[in-house]
Amino acid sequence: MTALTLSTAAASGLRADAIVVGVAKGAKGPVVAPGAEAVDKAYDGKLAGVLETLGASGAEGEVTKLPAPSGFKAPLVVAVGLGAVPEKDGSFGAEELRRAAGAAARALSGSKKAAFTLPLADAAAVGAVAEGALLGAYSFDVYKGNAPSDKAAKAKNGKAPLAEVALLGAKSRDRAHKAAADRAVAVAEELNRARDLINMPPNDLDPEAFAAVAQAAAKEHGIKVTVLDEKALAKGGYGGILGVGAGSAATPRLVQLSYTSSKAKKHLAFVGKGITYDSGGISLKPAGHNETMKCDMSGAAAVFAAVVAAARLGLEVNITGWLALAENMPSGSATRPGDVLRMYSGKTVEVLNTDAEGRLVLADALAKASEDKPDAIVDVATLTGAMMLALGNRTFGIMANDDTFRSAVHEAAEESGEPAWPMPLPSHLRKGMDSPTADIANMGERYGGGLVAGLFLKEFVGEGITWAHLDIAGPAFNEGGPFGYTPKGGTGTAVRTLVRLAELAASGDLG
Ligand code: BES
Ligand code: MN
Ligand code: ZN
(Lines give C-alpha, C1' and ligand atoms only; values in the text may rest on other atoms or scores of the structure.)
(Ligands and ions follow the chains in the order given, each with its own letter.)
Protein backbone atom coordinates (compact mmCIF):
# COMPACT_ATOMS: atom_id res chain seq x y z
CA MET A 1 0.00 0.00 0.00
CA THR A 2 1.29 3.42 -0.90
CA ALA A 3 2.43 5.46 2.13
CA LEU A 4 1.36 9.08 2.63
CA THR A 5 3.36 11.76 4.45
CA LEU A 6 2.71 15.47 5.00
CA SER A 7 5.73 17.68 4.67
CA THR A 8 6.67 21.35 4.90
CA ALA A 9 10.15 20.72 3.50
CA ALA A 10 11.42 22.64 0.48
CA ALA A 11 11.07 20.77 -2.82
CA SER A 12 14.71 21.38 -3.75
CA GLY A 13 16.18 19.48 -0.81
CA LEU A 14 13.82 16.49 -0.93
CA ARG A 15 15.24 13.08 -1.63
CA ALA A 16 12.60 11.76 -4.01
CA ASP A 17 12.34 10.26 -7.47
CA ALA A 18 10.14 13.07 -8.71
CA ILE A 19 8.51 16.39 -7.85
CA VAL A 20 4.92 16.69 -9.10
CA VAL A 21 3.73 20.16 -10.11
CA GLY A 22 0.30 21.28 -11.27
CA VAL A 23 -0.20 23.05 -14.55
CA ALA A 24 -3.47 24.64 -15.59
CA LYS A 25 -4.82 25.60 -18.96
CA GLY A 26 -4.78 29.39 -19.28
CA ALA A 27 -6.14 31.61 -22.05
CA LYS A 28 -2.63 32.10 -23.47
CA GLY A 29 -1.07 28.74 -22.71
CA PRO A 30 -0.10 26.66 -19.70
CA VAL A 31 0.03 28.29 -16.24
CA VAL A 32 1.95 26.88 -13.27
CA ALA A 33 -0.54 26.22 -10.48
CA PRO A 34 -0.09 27.51 -6.90
CA GLY A 35 2.05 25.27 -4.72
CA ALA A 36 4.86 24.98 -7.27
CA GLU A 37 6.21 28.55 -6.92
CA ALA A 38 9.58 27.40 -5.56
CA VAL A 39 10.00 24.89 -8.37
CA ASP A 40 9.10 27.53 -10.97
CA LYS A 41 11.61 29.93 -9.39
CA ALA A 42 14.35 27.32 -9.73
CA TYR A 43 13.62 27.32 -13.48
CA ASP A 44 14.07 31.14 -13.32
CA GLY A 45 10.30 31.55 -13.48
CA LYS A 46 10.21 29.98 -16.93
CA LEU A 47 8.51 26.65 -16.12
CA ALA A 48 5.31 27.58 -17.98
CA GLY A 49 7.33 28.50 -21.07
CA VAL A 50 9.38 25.31 -20.88
CA LEU A 51 6.20 23.27 -20.60
CA GLU A 52 4.66 25.05 -23.57
CA THR A 53 7.81 24.29 -25.60
CA LEU A 54 7.37 20.63 -24.66
CA GLY A 55 3.83 20.75 -26.01
CA ALA A 56 1.98 20.92 -22.70
CA SER A 57 -1.29 22.85 -22.47
CA GLY A 58 -2.44 22.13 -18.92
CA ALA A 59 -5.33 19.99 -20.13
CA GLU A 60 -6.85 17.60 -17.58
CA GLY A 61 -4.83 14.42 -17.15
CA GLU A 62 -1.92 15.53 -19.36
CA VAL A 63 1.46 14.41 -18.00
CA THR A 64 4.76 16.01 -19.02
CA LYS A 65 8.10 14.85 -17.65
CA LEU A 66 11.19 17.08 -17.59
CA PRO A 67 14.55 17.13 -15.83
CA ALA A 68 14.49 18.86 -12.44
CA PRO A 69 16.24 22.22 -12.12
CA SER A 70 19.91 22.11 -11.10
CA GLY A 71 20.39 22.01 -7.36
CA PHE A 72 17.36 19.77 -6.82
CA LYS A 73 17.98 16.43 -5.13
CA ALA A 74 15.12 14.84 -7.10
CA PRO A 75 16.05 14.18 -10.73
CA LEU A 76 12.62 14.55 -12.32
CA VAL A 77 9.72 16.99 -12.45
CA VAL A 78 6.32 15.66 -13.48
CA ALA A 79 3.86 18.35 -14.59
CA VAL A 80 0.25 17.20 -14.47
CA GLY A 81 -2.64 18.99 -16.14
CA LEU A 82 -5.42 20.36 -13.92
CA GLY A 83 -7.65 21.63 -16.71
CA ALA A 84 -8.89 25.21 -16.95
CA VAL A 85 -7.57 27.90 -14.60
CA PRO A 86 -10.33 28.49 -11.98
CA GLU A 87 -12.56 31.54 -12.29
CA LYS A 88 -11.19 34.73 -10.72
CA ASP A 89 -10.44 34.25 -6.98
CA GLY A 90 -11.61 30.64 -7.12
CA SER A 91 -9.51 27.61 -6.31
CA PHE A 92 -9.25 24.23 -8.03
CA GLY A 93 -12.15 21.90 -7.29
CA ALA A 94 -11.69 18.71 -5.28
CA GLU A 95 -12.36 16.47 -8.26
CA GLU A 96 -9.86 18.29 -10.51
CA LEU A 97 -7.24 17.82 -7.80
CA ARG A 98 -8.11 14.13 -7.28
CA ARG A 99 -7.88 13.40 -11.00
CA ALA A 100 -4.60 15.26 -11.48
CA ALA A 101 -3.01 13.61 -8.45
CA GLY A 102 -4.23 10.24 -9.70
CA ALA A 103 -2.84 10.77 -13.21
CA ALA A 104 0.53 11.79 -11.75
CA ALA A 105 0.63 8.80 -9.41
CA ARG A 106 -0.13 6.47 -12.34
CA ALA A 107 2.62 8.05 -14.43
CA LEU A 108 5.03 7.40 -11.56
CA SER A 109 4.39 3.69 -11.11
CA GLY A 110 7.70 1.95 -10.63
CA SER A 111 9.06 4.89 -8.59
CA LYS A 112 9.67 4.87 -4.85
CA LYS A 113 8.86 8.38 -3.73
CA ALA A 114 7.23 11.45 -5.23
CA ALA A 115 6.67 14.86 -3.66
CA PHE A 116 3.41 16.50 -4.73
CA THR A 117 3.29 20.32 -4.88
CA LEU A 118 -0.29 20.60 -6.14
CA PRO A 119 -2.38 23.57 -4.93
CA LEU A 120 -3.54 23.02 -1.32
CA ALA A 121 -5.86 25.96 -0.62
CA ASP A 122 -7.52 24.25 2.35
CA ALA A 123 -7.93 20.95 4.21
CA ALA A 124 -10.42 19.71 1.60
CA ALA A 125 -7.72 20.10 -1.04
CA VAL A 126 -5.27 18.15 1.13
CA GLY A 127 -7.82 15.32 1.35
CA ALA A 128 -8.52 15.42 -2.38
CA VAL A 129 -4.88 15.30 -3.48
CA ALA A 130 -4.14 12.53 -0.97
CA GLU A 131 -7.16 10.49 -2.09
CA GLY A 132 -6.42 10.96 -5.78
CA ALA A 133 -2.76 9.99 -5.39
CA LEU A 134 -3.49 6.90 -3.28
CA LEU A 135 -6.26 5.74 -5.63
CA GLY A 136 -4.19 6.47 -8.75
CA ALA A 137 -1.23 4.51 -7.40
CA TYR A 138 -3.31 1.30 -7.35
CA SER A 139 -2.29 -1.72 -9.34
CA PHE A 140 -3.40 -5.34 -9.37
CA ASP A 141 -0.56 -7.64 -10.32
CA VAL A 142 -0.60 -10.48 -7.79
CA TYR A 143 -1.28 -12.93 -10.62
CA LYS A 144 1.62 -11.71 -12.77
CA GLY A 145 5.24 -12.69 -12.94
CA ASN A 146 5.11 -15.39 -10.28
CA ALA A 147 6.51 -18.22 -12.38
CA PRO A 148 10.08 -18.99 -11.29
CA SER A 149 11.32 -18.26 -14.82
CA ASP A 150 9.65 -14.82 -14.67
CA LYS A 151 11.03 -13.65 -11.34
CA ALA A 152 14.17 -12.02 -12.72
CA ALA A 153 12.26 -10.20 -15.43
CA LYS A 154 9.76 -8.90 -12.90
CA ALA A 155 12.48 -7.56 -10.62
CA LYS A 156 14.07 -5.72 -13.54
CA ASN A 157 11.13 -4.01 -15.18
CA GLY A 158 8.25 -4.56 -12.78
CA LYS A 159 6.00 -1.54 -12.29
CA ALA A 160 5.11 -1.62 -8.64
CA PRO A 161 2.78 1.20 -7.60
CA LEU A 162 4.39 4.42 -6.42
CA ALA A 163 5.49 3.53 -2.88
CA GLU A 164 5.43 6.90 -1.12
CA VAL A 165 3.54 10.13 -1.64
CA ALA A 166 4.70 13.25 0.20
CA LEU A 167 2.30 16.20 0.17
CA LEU A 168 4.37 19.39 0.28
CA GLY A 169 2.67 22.29 2.00
CA ALA A 170 0.34 20.10 4.04
CA LYS A 171 1.01 20.49 7.73
CA SER A 172 0.82 17.44 9.98
CA ARG A 173 0.46 19.81 12.95
CA ASP A 174 -2.60 21.44 11.40
CA ARG A 175 -5.48 19.37 12.79
CA ALA A 176 -7.72 19.90 9.79
CA HIS A 177 -4.96 18.92 7.36
CA LYS A 178 -4.09 15.85 9.44
CA ALA A 179 -7.75 14.77 9.70
CA ALA A 180 -8.31 15.19 5.96
CA ALA A 181 -5.19 13.14 5.19
CA ASP A 182 -6.13 10.40 7.66
CA ARG A 183 -9.61 10.18 6.16
CA ALA A 184 -8.16 9.92 2.67
CA VAL A 185 -5.84 7.10 3.74
CA ALA A 186 -8.63 5.06 5.37
CA VAL A 187 -11.04 5.53 2.47
CA ALA A 188 -8.45 4.93 -0.26
CA GLU A 189 -7.01 1.83 1.39
CA GLU A 190 -10.43 0.23 1.83
CA LEU A 191 -11.52 1.29 -1.64
CA ASN A 192 -8.36 -0.26 -3.10
CA ARG A 193 -9.16 -3.41 -1.16
CA ALA A 194 -12.60 -3.46 -2.79
CA ARG A 195 -10.85 -3.16 -6.17
CA ASP A 196 -8.65 -6.15 -5.28
CA LEU A 197 -11.74 -8.24 -4.48
CA ILE A 198 -13.41 -7.22 -7.74
CA ASN A 199 -10.28 -8.02 -9.76
CA MET A 200 -9.76 -11.39 -8.08
CA PRO A 201 -10.60 -14.17 -10.53
CA PRO A 202 -13.81 -16.02 -9.69
CA ASN A 203 -12.03 -19.35 -9.25
CA ASP A 204 -10.24 -17.82 -6.27
CA LEU A 205 -13.04 -15.65 -4.89
CA ASP A 206 -16.20 -17.66 -4.40
CA PRO A 207 -18.83 -16.79 -1.77
CA GLU A 208 -17.04 -18.77 0.93
CA ALA A 209 -13.71 -17.06 0.23
CA PHE A 210 -15.32 -13.60 0.16
CA ALA A 211 -17.03 -14.31 3.50
CA ALA A 212 -13.68 -15.37 4.98
CA VAL A 213 -12.07 -12.10 3.86
CA ALA A 214 -14.95 -10.16 5.42
CA GLN A 215 -14.68 -12.17 8.63
CA ALA A 216 -10.96 -11.46 9.00
CA ALA A 217 -11.32 -7.74 8.32
CA ALA A 218 -14.25 -7.43 10.68
CA LYS A 219 -12.24 -9.02 13.45
CA GLU A 220 -9.36 -6.66 12.82
CA HIS A 221 -11.57 -3.56 13.03
CA GLY A 222 -13.93 -4.47 15.86
CA ILE A 223 -16.91 -5.11 13.60
CA LYS A 224 -19.35 -7.85 14.59
CA VAL A 225 -19.77 -10.39 11.82
CA THR A 226 -22.24 -13.19 11.20
CA VAL A 227 -21.98 -15.55 8.24
CA LEU A 228 -24.95 -17.65 7.20
CA ASP A 229 -23.81 -20.66 5.16
CA GLU A 230 -26.07 -22.73 2.90
CA LYS A 231 -27.45 -24.75 5.81
CA ALA A 232 -28.28 -21.65 7.84
CA LEU A 233 -29.78 -20.03 4.73
CA ALA A 234 -32.03 -23.06 4.20
CA LYS A 235 -33.10 -23.01 7.84
CA GLY A 236 -33.84 -19.29 7.61
CA GLY A 237 -35.85 -19.59 4.40
CA TYR A 238 -33.64 -17.50 2.14
CA GLY A 239 -35.12 -18.83 -1.10
CA GLY A 240 -33.71 -16.05 -3.27
CA ILE A 241 -30.05 -16.44 -2.30
CA LEU A 242 -30.32 -20.24 -2.31
CA GLY A 243 -32.12 -20.30 -5.65
CA VAL A 244 -29.39 -18.25 -7.32
CA GLY A 245 -26.62 -20.33 -5.77
CA ALA A 246 -28.29 -23.67 -6.48
CA GLY A 247 -26.39 -24.40 -9.69
CA SER A 248 -22.92 -23.80 -8.34
CA ALA A 249 -20.53 -26.17 -6.60
CA ALA A 250 -19.60 -23.12 -4.50
CA THR A 251 -22.35 -22.58 -1.95
CA PRO A 252 -23.88 -19.15 -1.20
CA ARG A 253 -23.44 -17.00 1.92
CA LEU A 254 -25.15 -14.06 3.59
CA VAL A 255 -22.69 -11.97 5.56
CA GLN A 256 -23.86 -9.45 8.17
CA LEU A 257 -21.34 -6.82 9.31
CA SER A 258 -22.40 -4.70 12.30
CA TYR A 259 -20.42 -1.60 13.12
CA THR A 260 -21.75 0.21 16.18
CA SER A 261 -20.75 3.44 17.90
CA SER A 262 -21.78 4.25 21.48
CA LYS A 263 -22.53 7.81 20.29
CA ALA A 264 -24.70 6.78 17.33
CA LYS A 265 -28.05 8.46 16.81
CA LYS A 266 -28.75 6.90 13.41
CA HIS A 267 -28.65 3.43 11.92
CA LEU A 268 -27.93 2.83 8.25
CA ALA A 269 -28.10 -0.50 6.43
CA PHE A 270 -25.99 -1.06 3.31
CA VAL A 271 -26.85 -4.06 1.12
CA GLY A 272 -24.51 -5.30 -1.61
CA LYS A 273 -25.06 -7.64 -4.57
CA GLY A 274 -22.29 -10.21 -4.35
CA ILE A 275 -22.49 -12.51 -7.35
CA THR A 276 -18.89 -13.76 -7.44
CA TYR A 277 -19.48 -14.88 -11.02
CA ASP A 278 -22.54 -14.33 -13.19
CA SER A 279 -22.69 -16.85 -16.03
CA GLY A 280 -26.40 -16.12 -16.41
CA GLY A 281 -27.27 -19.59 -15.12
CA ILE A 282 -29.56 -21.72 -17.32
CA SER A 283 -30.39 -18.49 -19.21
CA LEU A 284 -26.70 -18.57 -20.08
CA LYS A 285 -24.95 -15.41 -21.23
CA PRO A 286 -23.37 -15.71 -24.68
CA ALA A 287 -19.62 -15.32 -25.17
CA GLY A 288 -18.81 -11.65 -25.27
CA HIS A 289 -21.04 -10.98 -22.28
CA ASN A 290 -19.46 -13.13 -19.59
CA GLU A 291 -15.72 -12.31 -19.65
CA THR A 292 -15.94 -9.56 -17.05
CA MET A 293 -18.70 -11.06 -14.92
CA LYS A 294 -16.35 -11.56 -11.98
CA CYS A 295 -17.21 -7.90 -11.37
CA ASP A 296 -20.78 -8.83 -10.38
CA MET A 297 -19.84 -8.70 -6.68
CA SER A 298 -18.81 -5.02 -6.92
CA GLY A 299 -21.81 -3.93 -4.84
CA ALA A 300 -20.89 -6.26 -2.00
CA ALA A 301 -17.25 -5.16 -2.25
CA ALA A 302 -18.35 -1.52 -1.96
CA VAL A 303 -20.53 -2.21 1.07
CA PHE A 304 -17.75 -4.19 2.73
CA ALA A 305 -15.17 -1.44 2.11
CA ALA A 306 -17.51 1.31 3.31
CA VAL A 307 -18.32 -0.45 6.59
CA VAL A 308 -14.63 -1.07 7.32
CA ALA A 309 -13.74 2.54 6.39
CA ALA A 310 -16.51 3.84 8.70
CA ALA A 311 -15.11 1.69 11.52
CA ARG A 312 -11.56 2.92 10.88
CA LEU A 313 -12.81 6.52 10.97
CA GLY A 314 -14.79 5.84 14.15
CA LEU A 315 -17.91 7.47 12.70
CA GLU A 316 -20.66 8.06 15.26
CA VAL A 317 -23.31 6.04 13.47
CA ASN A 318 -24.45 2.43 13.47
CA ILE A 319 -24.05 0.64 10.16
CA THR A 320 -25.13 -2.85 9.22
CA GLY A 321 -23.58 -4.15 6.03
CA TRP A 322 -25.19 -7.09 4.21
CA LEU A 323 -23.26 -9.04 1.59
CA ALA A 324 -25.53 -11.30 -0.47
CA LEU A 325 -23.02 -13.76 -1.94
CA ALA A 326 -23.71 -16.45 -4.53
CA GLU A 327 -22.28 -17.81 -7.77
CA ASN A 328 -24.75 -17.96 -10.67
CA MET A 329 -23.99 -21.14 -12.65
CA PRO A 330 -25.90 -23.59 -14.85
CA SER A 331 -25.97 -27.26 -13.81
CA GLY A 332 -28.33 -30.11 -13.04
CA SER A 333 -29.13 -28.53 -9.70
CA ALA A 334 -29.55 -25.00 -11.05
CA THR A 335 -32.75 -23.01 -10.83
CA ARG A 336 -34.72 -23.30 -14.09
CA PRO A 337 -36.62 -20.60 -15.93
CA GLY A 338 -40.15 -21.38 -14.73
CA ASP A 339 -39.18 -22.33 -11.18
CA VAL A 340 -40.91 -20.54 -8.32
CA LEU A 341 -38.83 -19.48 -5.32
CA ARG A 342 -40.22 -18.73 -1.88
CA MET A 343 -38.29 -15.70 -0.72
CA TYR A 344 -37.20 -14.74 2.81
CA SER A 345 -40.08 -12.25 3.00
CA GLY A 346 -42.56 -15.04 2.24
CA LYS A 347 -43.38 -13.72 -1.22
CA THR A 348 -43.06 -16.09 -4.17
CA VAL A 349 -41.12 -15.26 -7.31
CA GLU A 350 -41.43 -16.93 -10.69
CA VAL A 351 -37.95 -17.01 -12.20
CA LEU A 352 -38.46 -16.31 -15.89
CA ASN A 353 -34.81 -15.53 -16.56
CA THR A 354 -32.05 -16.92 -14.37
CA ASP A 355 -29.79 -14.09 -15.54
CA ALA A 356 -31.92 -11.64 -13.56
CA GLU A 357 -30.35 -13.08 -10.41
CA GLY A 358 -29.12 -9.95 -8.65
CA ARG A 359 -32.61 -8.85 -7.68
CA LEU A 360 -33.26 -12.31 -6.17
CA VAL A 361 -30.31 -12.26 -3.76
CA LEU A 362 -30.95 -8.60 -2.96
CA ALA A 363 -34.62 -9.22 -2.25
CA ASP A 364 -33.73 -11.60 0.58
CA ALA A 365 -31.06 -9.28 1.98
CA LEU A 366 -33.35 -6.23 1.78
CA ALA A 367 -36.15 -8.05 3.59
CA LYS A 368 -33.75 -9.24 6.27
CA ALA A 369 -32.12 -5.79 6.65
CA SER A 370 -35.59 -4.26 7.05
CA GLU A 371 -36.25 -6.27 10.23
CA ASP A 372 -33.89 -3.97 12.19
CA LYS A 373 -35.93 -0.93 11.10
CA PRO A 374 -32.86 1.12 10.13
CA ASP A 375 -33.26 4.85 9.42
CA ALA A 376 -32.41 4.11 5.79
CA ILE A 377 -31.29 1.27 3.54
CA VAL A 378 -29.00 1.77 0.55
CA ASP A 379 -28.36 -1.14 -1.78
CA VAL A 380 -25.54 -1.24 -4.32
CA ALA A 381 -25.61 -3.58 -7.30
CA THR A 382 -24.25 -4.23 -10.79
CA LEU A 383 -27.88 -4.92 -11.61
CA THR A 384 -28.76 -4.22 -15.22
CA GLY A 385 -27.20 -3.78 -18.63
CA ALA A 386 -30.11 -1.40 -19.23
CA MET A 387 -28.68 1.10 -16.71
CA MET A 388 -25.40 0.93 -18.58
CA LEU A 389 -27.18 1.70 -21.85
CA ALA A 390 -28.96 4.62 -20.21
CA LEU A 391 -26.09 6.29 -18.35
CA GLY A 392 -22.89 4.98 -19.93
CA ASN A 393 -19.98 3.45 -18.13
CA ARG A 394 -18.99 6.22 -15.73
CA THR A 395 -22.29 7.13 -14.08
CA PHE A 396 -24.46 5.08 -11.74
CA GLY A 397 -28.22 5.38 -11.42
CA ILE A 398 -29.98 6.24 -8.17
CA MET A 399 -33.53 5.08 -7.53
CA ALA A 400 -35.41 5.52 -4.25
CA ASN A 401 -38.78 5.34 -2.56
CA ASP A 402 -38.28 8.88 -1.23
CA ASP A 403 -37.42 11.94 -3.34
CA THR A 404 -35.60 13.77 -0.56
CA PHE A 405 -33.42 10.78 0.22
CA ARG A 406 -32.63 10.22 -3.46
CA SER A 407 -31.44 13.83 -3.67
CA ALA A 408 -29.34 13.40 -0.53
CA VAL A 409 -27.67 10.32 -2.00
CA HIS A 410 -27.05 12.15 -5.27
CA GLU A 411 -25.47 15.05 -3.41
CA ALA A 412 -23.28 12.66 -1.39
CA ALA A 413 -22.12 11.06 -4.64
CA GLU A 414 -21.34 14.44 -6.20
CA GLU A 415 -19.35 15.57 -3.16
CA SER A 416 -17.38 12.33 -3.31
CA GLY A 417 -16.40 12.66 -6.96
CA GLU A 418 -18.67 9.81 -8.07
CA PRO A 419 -20.82 10.63 -11.11
CA ALA A 420 -24.42 9.56 -10.50
CA TRP A 421 -27.87 10.47 -11.77
CA PRO A 422 -31.40 10.14 -10.35
CA MET A 423 -33.72 7.69 -12.10
CA PRO A 424 -37.50 7.24 -11.59
CA LEU A 425 -39.50 4.21 -10.47
CA PRO A 426 -42.62 4.55 -12.66
CA SER A 427 -45.36 2.47 -11.08
CA HIS A 428 -46.90 1.52 -14.46
CA LEU A 429 -43.91 -0.78 -15.06
CA ARG A 430 -44.93 -2.98 -12.13
CA LYS A 431 -47.66 -4.85 -13.99
CA GLY A 432 -45.12 -6.19 -16.48
CA MET A 433 -43.85 -8.36 -13.62
CA ASP A 434 -47.27 -9.88 -12.88
CA SER A 435 -46.94 -13.67 -12.87
CA PRO A 436 -49.78 -16.13 -13.55
CA THR A 437 -48.23 -18.47 -10.98
CA ALA A 438 -46.42 -16.49 -8.29
CA ASP A 439 -46.67 -13.13 -6.49
CA ILE A 440 -44.23 -11.55 -8.92
CA ALA A 441 -41.90 -12.55 -11.79
CA ASN A 442 -38.22 -11.61 -11.86
CA MET A 443 -38.58 -10.03 -15.32
CA GLY A 444 -40.81 -7.40 -16.80
CA GLU A 445 -40.91 -5.07 -19.76
CA ARG A 446 -37.68 -4.84 -21.70
CA TYR A 447 -37.76 -1.06 -22.03
CA GLY A 448 -36.66 0.63 -18.83
CA GLY A 449 -35.06 -2.61 -17.59
CA GLY A 450 -33.08 -0.78 -14.91
CA LEU A 451 -36.23 0.78 -13.49
CA VAL A 452 -38.09 -2.55 -13.65
CA ALA A 453 -35.32 -4.09 -11.54
CA GLY A 454 -35.62 -1.18 -9.10
CA LEU A 455 -39.39 -1.70 -8.84
CA PHE A 456 -38.81 -5.39 -8.11
CA LEU A 457 -36.45 -4.55 -5.23
CA LYS A 458 -38.87 -1.99 -3.84
CA GLU A 459 -41.36 -4.78 -3.09
CA PHE A 460 -38.93 -6.35 -0.63
CA VAL A 461 -38.12 -3.22 1.38
CA GLY A 462 -39.95 -3.16 4.70
CA GLU A 463 -43.03 -0.97 5.07
CA GLY A 464 -42.16 2.65 5.85
CA ILE A 465 -38.40 2.28 5.48
CA THR A 466 -36.49 4.88 3.47
CA TRP A 467 -34.53 3.16 0.73
CA ALA A 468 -32.26 3.95 -2.19
CA HIS A 469 -30.89 1.65 -4.88
CA LEU A 470 -27.62 2.33 -6.72
CA ASP A 471 -27.31 0.49 -10.05
CA ILE A 472 -23.55 0.57 -10.66
CA ALA A 473 -23.47 -1.80 -13.68
CA GLY A 474 -21.85 0.94 -15.81
CA PRO A 475 -19.02 2.31 -13.67
CA ALA A 476 -18.15 -0.78 -11.57
CA PHE A 477 -15.61 -2.22 -14.00
CA ASN A 478 -13.48 -0.14 -16.35
CA GLU A 479 -12.89 -2.08 -19.56
CA GLY A 480 -11.17 0.89 -21.20
CA GLY A 481 -7.87 2.50 -20.37
CA PRO A 482 -7.13 4.09 -16.99
CA PHE A 483 -8.04 7.77 -16.49
CA GLY A 484 -7.51 10.17 -13.58
CA TYR A 485 -7.44 8.01 -10.46
CA THR A 486 -9.51 5.23 -12.07
CA PRO A 487 -7.59 2.12 -13.07
CA LYS A 488 -8.49 -0.49 -15.61
CA GLY A 489 -10.67 -3.23 -14.05
CA GLY A 490 -12.50 -2.92 -10.74
CA THR A 491 -13.08 0.74 -9.85
CA GLY A 492 -14.53 0.63 -6.34
CA THR A 493 -17.40 2.89 -7.34
CA ALA A 494 -19.98 3.73 -4.62
CA VAL A 495 -17.55 3.21 -1.73
CA ARG A 496 -17.05 6.95 -1.30
CA THR A 497 -20.74 7.74 -1.64
CA LEU A 498 -21.56 5.23 1.12
CA VAL A 499 -18.83 6.61 3.40
CA ARG A 500 -20.11 10.15 2.79
CA LEU A 501 -23.66 9.05 3.66
CA ALA A 502 -22.36 7.47 6.87
CA GLU A 503 -20.59 10.74 7.74
CA LEU A 504 -23.75 12.75 7.06
CA ALA A 505 -25.81 10.38 9.21
CA ALA A 506 -23.22 10.67 11.99
CA SER A 507 -23.30 14.47 11.97
CA GLY A 508 -27.10 14.57 11.86
CA ASP A 509 -27.14 16.04 8.35
CA LEU A 510 -28.98 13.19 6.66
CA GLY A 511 -32.64 14.01 7.28
N1 BES B 1 -24.88 -8.73 -13.79
C2 BES B 1 -25.81 -8.45 -14.81
C3 BES B 1 -25.86 -6.97 -15.19
C4 BES B 1 -24.60 -6.40 -15.78
C5 BES B 1 -24.47 -6.25 -17.15
C6 BES B 1 -23.59 -5.92 -14.97
C7 BES B 1 -23.32 -5.69 -17.69
C8 BES B 1 -22.44 -5.38 -15.49
C9 BES B 1 -22.30 -5.25 -16.85
C10 BES B 1 -27.20 -8.87 -14.37
O11 BES B 1 -27.26 -9.94 -13.51
C12 BES B 1 -27.97 -9.26 -15.59
O13 BES B 1 -27.60 -10.21 -16.21
N14 BES B 1 -29.04 -8.51 -15.89
C15 BES B 1 -29.86 -8.78 -17.01
C16 BES B 1 -31.30 -8.70 -16.56
C17 BES B 1 -32.28 -9.18 -17.59
C18 BES B 1 -32.13 -10.66 -17.83
C19 BES B 1 -33.67 -8.85 -17.11
C20 BES B 1 -29.56 -7.74 -18.07
O21 BES B 1 -29.32 -6.57 -17.73
O22 BES B 1 -29.50 -8.10 -19.23
MN1 MN C 1 -27.26 -11.81 -14.52
ZN1 ZN D 1 -25.62 -10.25 -12.33
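How many helices and strands does the secondary structure of the protein chain come to? It comes to 15 helices and 20 strands. Helices (H or I, at least four residues) and strands (E, at least two) are DSSP runs, numbered from the N terminus.

Some ground rules. This is a predicted model, where local features need pLDDT of at least 70 and side-chain atom pairs count only at pLDDT 80 or more, while totals for chains, interfaces and linings use all residues. Residues are numbered from 1 along each chain as its sequence is written, chains are lettered from A and ligands numbered from 1 in the order in which they are written, and side-chain values use heavy atoms, with hydrogens and water left out.

Overall shape next. The C-alpha atoms of the protein chain fill a box of roughly 80 × 55 × 45 Å along the principal axes. The radius of gyration, taken over C-alpha atoms, is compared with a globule rule of 2.2 Å times the number of residues to the power 0.38. For 511 residues, a compact globule would come near 24 Å, and the protein chain has 24 Å, which agrees. Buried residues make up 55% of the 511. Buried means under 20% relative accessible area, exposed means over 50%, and partly exposed lies in between (1.4 Å probe, protein chains only).

Now one sheet. Three strands form it, in the order β12-β13-β17. The sheet is open and its pairing is mixed. Two strands pair if DSSP finds at least two bridges between them. β12 (340–342) and β17 (440–441) stand at the edges with a single partner strand each, so one side of each has no neighbour in the sheet. β13 (residues 348–350) pairs with β17 in the parallel sense, over two bridges. There, V349 stands opposite I440 in β17.

On to charges. Side chains of opposite charge can pair when their charged atoms come close. A salt bridge here is a side-chain nitrogen of Lys or Arg within 4 Å of a carboxyl oxygen of Asp or Glu. The count by this rule is 27.

Take E131 and R183. Their side chains meet in a salt bridge at 3.7 Å, N to O. The pair links distant parts of the chain, 52 residues apart: E131 sits in helix α4 (residues 123–136), R183 in helix α6 (residues 175–199). E131 is buried at 5% relative accessible area. R183 is partly exposed at 24%. Both belong to a salt-bridge network whose members include E60, R98, E415 and R500.

A second pair is K368 and E371, at 3.2 Å, N to O. K368 is partly exposed at 21%, and E371 is partly exposed at 45%.

Which residue does K285 meet in a salt bridge? Its partner is D355, at 2.9 Å, N to O. These two are 70 residues apart, K285 in the loop between β10 (267–278) and α10 (298–313), D355 in the loop between β13 and α11 (358–370). K285 is buried at 15%, while D355 is partly exposed at 23%.

That pair brings us to the ligand. 17 residues surround ligand 1, and the closest are K285, D296, D355, E357 and G385. Surrounding means having a heavy atom within 4 Å. Polar contacts are pairs of N or O atoms within 3.5 Å. A polar side-chain atom of K285 lies 2.8 Å from an oxygen atom of ligand 1. G385 uses a backbone N or O atom, 2.7 Å from an oxygen atom of ligand 1. L383 also uses a backbone N or O atom, 3.4 Å from a nitrogen atom of the ligand. Taken alone, ligand 1 exposes 520 Å², and the protein buries 79% of that. Those areas come from the Shrake-Rupley method with a 1.4 Å probe.

How values were computed
A polar contact is a pair of N or O atoms within 3.5 Å; within protein, one must be able to donate a hydrogen and the other to accept it, and residues adjacent in sequence count only if both atoms are side-chain atoms.
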